[in-house]
Amino acid sequence: MAEPISTKPYLLRALYEWCVDNGYTPHIAVRVDSHVQVPQEFVRNGEITLNVSPTAVHKLQMGNDVIEFSARFAGVARQISVPVENVYAIYARETGNGMTFEVDAPKLGTQPLADAGPAAAPEPAPDAPTEPP
């Protein structure tokens, strides 16, 4: 029998919808490694927090394995790809309500990417303009 799909992607989608339905701004906190495609200049301490609200992203796809979307960072359109296993939290920016998840240690042969700056708590990436990339 095949191993069942994790509950994590379903919980992420449910909390995302809850945030949007209540007018909150959903953010995801991500552990960055070689499998995560994000603008490296916004990575701090091997982590990044991303605003995934409908006004900040374009073509959001929250699959069982990967979260993908495009967004503008400092005015430049970027394609973002985050394995679900790398997401360690989803929360509403306005209230902090959400959920945290355990994130496994990096797999053998993968290393967290180097820090892009001084030690600091993850900060949300700048909101994207309302125009799609």
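Predicted model: local features only at pLDDT ≥ 70, side-chain atom pairs only at ≥ 80, totals over all residues.

**Exercise 1.** Determine the strand order of the open sheet formed by 3 strands, and identify its edge strands.

*Solution.* Step 1: the strands follow one another in the order β3-β4-β5, with antiparallel pairing. Step 3: the antiparallel pairing of β4 with β5 comprises 8 bridges; in one of them, R72 has A77 of β5 as its partner. Step 4: on average, neighbouring strands of this sheet are turned by 20° against each other, direction ignored.

**Exercise 2.** State how many residues the largest nonpolar core has, and which of them have the most contacts inside it.

*Solution.* Step 1: the core has 25 residues. Step 2: V38 and L50 have the most contacts inside this core. Step 3: among the elements that each supply at least two of its residues are α1 (8-21), β1 (26-31) and β2 (47-51). Step 4: the largest share, 4 residues, comes from β4.

**Exercise 3.** Locate K59 and A74, and decide whether each is buried or exposed.

*Solution.* Step 1: K59 belongs to strand β3 (residues 58-62), whereas A74 lies in the loop between β4 and β5. Step 2: neither is a glycine, yet phi is positive in both, near 60° for K59 and about 55° for A74. Step 3: exposed means over 50% relative accessible area. Step 4: K59 has a relative accessible area of 65% and is therefore exposed; A74, at 69%, is likewise exposed.

Key
Residues numbered from 1 in each chain as written. Heavy atoms only, no water. Core = buried A, V, L, I, M, F, W, Y, C linked by side-chain atoms within 4.5 Å. Buried < 20%, exposed > 50% of the residue type's maximum accessible area, 1.4 Å probe, protein only. Pairing = 2+ DSSP bridges. Axes fitted to C-alpha atoms, helices over the stretch in contact; angles between N-to-C directions.
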